[in-house]
Amino acid sequence: MENRDPLFCHFFFLFYVFSAAAATSFNRQVYIVYCGEHSGLKTEEAIREDHHSLLLSVKDGVEEARDSILYSYKNSINGFAAWLTPVEAARLSEVEEVVSAFPSQARTMHTTRSWDFLGMENELYGTTKGILNKAKQGKNVIVGLLDSGIWPESESFSNQGMGPIPKRWKGICQEGQAFNSSHCNKKLIGARYYLKAYEAQYGRLNTTAEFRSPRDHDGHGTHTSSTAVGQSVHGVSALGGFAFGTASGGAPRARVAMYKVCWPLPGGDPALENTCFEADMLAAIDDALADGVDILSISIGTTGKQPTYSNDGIALGALHAMKKNVLVACSAGNSGPTPATASNLAPWILTVAASSIDRLFPSPVVLGNGVVVKGQTITSFKLKKRFYPIVFAANAVVPGTPKNISAGQCLPNSLDPKKVEGKIVFCLRGNGARVGKGFEVKRAGGAALILGNLPTNGAEISVDAHVLPGTALISTDATSILHYLNSSKNPTAKIIPATTVNGYKPAPVMAAFSSTGPNVLDPNILKPDITAPGLNILAAWSKASSPTKLAADKRRVKYNVLSGTSMSCPHVAGVAALLKAIHPRWSASVIKSALMTTASLTNNMGKPLEDASGSPAGPFNYGSGHLNPAMAADPGLVYDASYIDYLVFLCKSGIKIDRSYTCPKSPPNPSDLNLASVTISKLKGTKTVTRTVTNVGAKKALYSLSLASPNGVLVDIEPKELYFRRDGEKKSFSLTFKVGPRVPRSMKNGSYSFGWYMWSDGMHKVRSPIVVSLAN
């Protein structure tokens, strides 16, 4: 096949079209066809013409080729999104320069006190000097977010204290419905929106339920943006006065740029996640890199089967970002605690799990037998101070309700008003939105809701501003309620109004919803990388959305409490912005390493981190540990990895992303990728891997080794001391793993064993997790 300019490398995103054509072999979808990056030698017009030429090679005419294209990626990413049939996509994928042609899939969003909990409280109030002071609160660092938009009038995005916009910024404020250039300022310096792929799937956007502009109707994007870089705003709270205090982003003086890519599912439940299509996201990443962002925060991911790196729009876009030294932080997902559910698995992405902070909103339940059961809520509604009859939802369903939806979960239209009117209704978590269960109880005339965790939710409670009085219980207390209901002829209860309590112990605790490892794409790469606050986080909100996001809820708030890895991701992005301000020349990989090697493994009681069930947590839950901003600015040693290193890693996986790069004849094993963690999958006999660290601490330093070997595995690290004579000096060391003489029975069944190693010079502690499984 003849050689073509690398510019002909393309992406295609494919969407299923529900039409008569869908039943035929001529079914069109939106595909991404990817061939690397641009050479930078052609104009935008020439790029579009090249893309049209490629399409013309599989289309019947010029007009059809031009009409089929949605996006022509014109900056660093070389490719486009277009309507194709499977046959056309297959033909294009055979072109030598094309890396991959894959359907554009829909992704989902992974939906104050937290910064105090992370040790930055005194800095926010100006009483001490630490990372915020060193970073000048992130001054002139630009953080881009892919999300549901932004509410520009929020105090979190005010001009106060912001200097001139950095001259390197090339972005725009794209005008649209209820949004124009005047809504941007020195804080919110850029805003764009992308919905061509969304409309290719669902038709024209319903602008009565969403803004056709960067303005946020949902609330999610406003929340994540203010969490990452929002201004410090004093005297704010959630509805009802809960969580009162100062709301601030991690980098209050950093700039924010919003790239709106998430939109409502037509006819769907607004309380559930929106949808975000890869073709739109890739266009947003391409623009963000050209605009000049320093950090990208993407609280979006895949649920279910994970796409390979070459068929993953976020991973491909993040690789281009990494080459430009733009760190991409992504949420791990909310499919936990089931193993192997983490998403955003590429090693060049910083993947963030979620954990709790030390704040509770206690709202106990007093049962008729005098037993008091702990609960939590942030609903502003209160019951009268008396006992009410209480009924289990499974015993109060509409006659004829199928058993599969009558298991006490309070799904829409399932409750019989005759059985619940004036009563407290006990519902279980599971299917459906938590706030939707409260709405169903209210619809049926119930007086209040008690929401019980299932065993999978454990002791984690995500609080909600329900539309009626209510509280939520951990799984063991939910079991106690059920036992009382089953053993009492006339059960009663009352709910004590909630308060805000800070300083709870133990914290942090891993959130049960937080997706976990091992990595399903490559078990030799640890995911997630780190954990950060993601449970019951207060941040700014859209005034177009209620605190529950239910359409029938007409309440409006400036700040709201949400939970999810969507909330933990911008915490890490905010701290990454501080590191970028302090160390502007650090690469994306170095910033990632600094965050990981300084992470903490203990809670506020000095004990090991636990999961929501109270069991010890491990690297598959938290990666390297819990985000520790105070230590990250001065990590001592860092693990760097270049763009070429990642290409070599992909070569071993049989994936060639960059056609200009020739893979080595014998690429190293994925475990040799220079990451701040070491994972060995299916160890048999002996295996040796290498790591290289760079000194970014004292000019002269001697680091000594500490080691905690995984059970059943012998680990030898050589040398055991590293001496550095200057800043920037590199030293390599080897780690040799050998199956031990005494292997735990669990490891013989394919389970993993965990350990760590640490380099220390007396001032810095550079710790890395070790994860090993044995071959059968």
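Analyst: This is a predicted model, and the structure holds 4 disulfides.

User: What makes Cys173 and Cys184 a disulfide?

Analyst: Their sulfur atoms lie 1.5 Å apart. A disulfide requires two cysteine sulfur atoms within 2.5 Å, so the pair qualifies. The torsion about the S-S bond is -105°, and the link is left-handed. Both Cys173 and Cys184 sit in the loop between β7 (142–147) and β8 (188–193), 11 residues apart.

User: Why is Cys173 called buried, and why is Cys184 given that label as well?

Analyst: Buried means under 20% relative accessible area. Cys173 has 17%, so it is buried. Cys184 has 15% and therefore also counts as buried.

User: Why is the disulfide of Cys262 and Cys276 called right-handed?

Analyst: The torsion about its S-S bond is about 105°, so the disulfide is right-handed. The sulfur atoms of Cys262 and Cys276 are 2.1 Å apart, and both residues are buried.

User: How do you know that the link of Cys651 and Cys663 is left-handed?

Analyst: Here the S-S torsion is about -75°, so the disulfide is left-handed. Cys651 lies in helix α17 (residues 643–652), whereas Cys663 lies in the loop between α17 and β31 (678–683). The S to S distance of Cys651 and Cys663 is 1.9 Å.

User: What makes Cys651 buried, and why does Cys663 count as partly exposed?

Analyst: The relative accessibility of Cys651 is 11%, under the 20% limit, so Cys651 is buried. Cys663 reaches 28%, which falls between 20% and 50%, and therefore counts as partly exposed.

User: What is the pairing of the bonded cysteines when they are numbered in sequence order?

Analyst: The pairing is 1-2, 3-4, 5-6, 7-8.

User: Why is the protein described as being as compact as a globular protein of its length?

Analyst: The protein contains 18 helices and 38 strands. Its radius of gyration is 26 Å, close to the 28 Å that the globule rule gives for 776 residues, so the description applies. Of those 776 residues, 61% count as buried.

Conventions: Residues numbered from 1 in each chain as written. Predicted model: local features only at pLDDT ≥ 70, side-chain atom pairs only at ≥ 80, totals over all residues. Heavy atoms only, no water. Helix = DSSP H or I, 4+ residues; strand = E, 2+ residues; numbered from the N terminus. Rg over C-alpha atoms; globule rule 2.2 N^0.38 Å. Buried < 20%, exposed > 50% of the residue type's maximum accessible area, 1.4 Å probe, protein only.
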